[in-house]
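Good morning, colleagues. Please turn to the structure on the screen; I shall speak about its aromatic pairs and then about its sheet.

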Amino acid sequence: TIEMIHSPHFMEAEDATNCVLYSNPLHLELLEICGMAGVDFILNVVLNDARDLCGVFAGHYDRAHTAGVSYAKRYNEIEIKETVEVVITSSAGYPLDKTYYQTIKGMCGAEKLVKTGGTIIIVSECSEGMGNKSFVKCLKDFRNIDNINDYVKHLSLPANFTPDQWQVEKMLQPLRKAEIMLVTDGLTKDELDITGATAMPTVEAALAKCRRIYGDDMTIAVIPEGPYVIPV
């Protein structure tokens with residue numbers, strides 16, 4: 001069950017995304033599993049940007065969760081009028097920027113805001129490096145295959161399932177759409193080579209490169225805490 005719900009069968013579905021419930025095939029699958037397992041009570045919470053408790057949703061696994069999502073959407077979803085050529089974002093700082101594994105969440109947060117063919121500049125300390133060995137193996141597999149669609153086909157075969165492949169697959173979603181420029185001091189050159197991102201020394205250097213690509217009138221958006229904002 002865990003392998004199936006982390007496979008491309010669900011990960012590649014357009015509606016398998018934040019705050020989408022009843023057209024989301026992954027959410028519907030999980031609701032069916034909850035019903036079969038006899039789940040009879042959940043307790044979920046919503047935090048604010050200071051990590052304070054600001055919402056508690058308890059009770060039926062579907063109704064209480066739906067109420068929690070509706071509450072969180074009021075604060076996390078941001079309506080956008082247009083996509084932009086350059087998005088500057090982060091992985092929300094400590095502790096979510098301790099590894100490259102977690103950094104990917106910030107990239108995914110910017111995906112719907114950046115134009116196709118645009119650039120996402122993401123800043124992350126990566127003080128603990130890449131993440132676990134299984135994740136690094138998956139990144140190396142992708143580099144060796146060197147094609148997004150072929151790698152997803154590789155993941156689709158049950159015999160090739162590897163823990164943490166889903167995080168690489170999530171990384172490929174913004175990478176399909178835009179160049180990723182990564183500003184970090186925490187990774188070695190060999191590690192940077194398998195990130196799928198373009199390593200940049202500073203945000204200013206990344207912006208200078210973007211200006212050469214898109215011109216002085218390029219459109220820019222900033223998401224200070226990438227994983228906590230959902231552009232719609």
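I begin with a definition: a residue is buried under 20% relative accessible area, exposed over 50% and partly exposed in between, with a 1.4 Å probe and protein chains only. This is a predicted model, in which local features need pLDDT of at least 70, side-chain atom pairs count only at pLDDT 80 or more, and totals for chains, interfaces and linings use all residues. Residues are numbered from 1 along each chain as its sequence is written, and side-chain values use heavy atoms, without hydrogens and water.

Rings of Phe, Tyr and Trp (its six-membered ring) pair if their centres lie within 6.5 Å; planes under 30 degrees apart are stacked, over 60 edge-to-face, and the rest tilted. The count comes to six aromatic pairs. In one of them, Phe 57 and Tyr 71 are tilted, at 5.5 Å centre to centre and 50 degrees between the planes. Phe 57 is in strand S2 and Tyr 71 in helix H4, so this pair ties together parts 14 residues apart in sequence; helices (H or I, at least four residues) and strands (E, at least two) are DSSP runs, numbered from the N terminus. Phe 57 counts as buried at 15% relative accessibility, and Tyr 71 is buried at 19%.

Tyr 100 and Phe 135 form a tilted pair, because their centres are 6.3 Å apart and their planes at 35 degrees. Both residues are buried.

Finally, the open sheet has five strands in the order S7-S6-S5-S4-S8, with parallel pairing; strands pair if DSSP finds at least two bridges between them.
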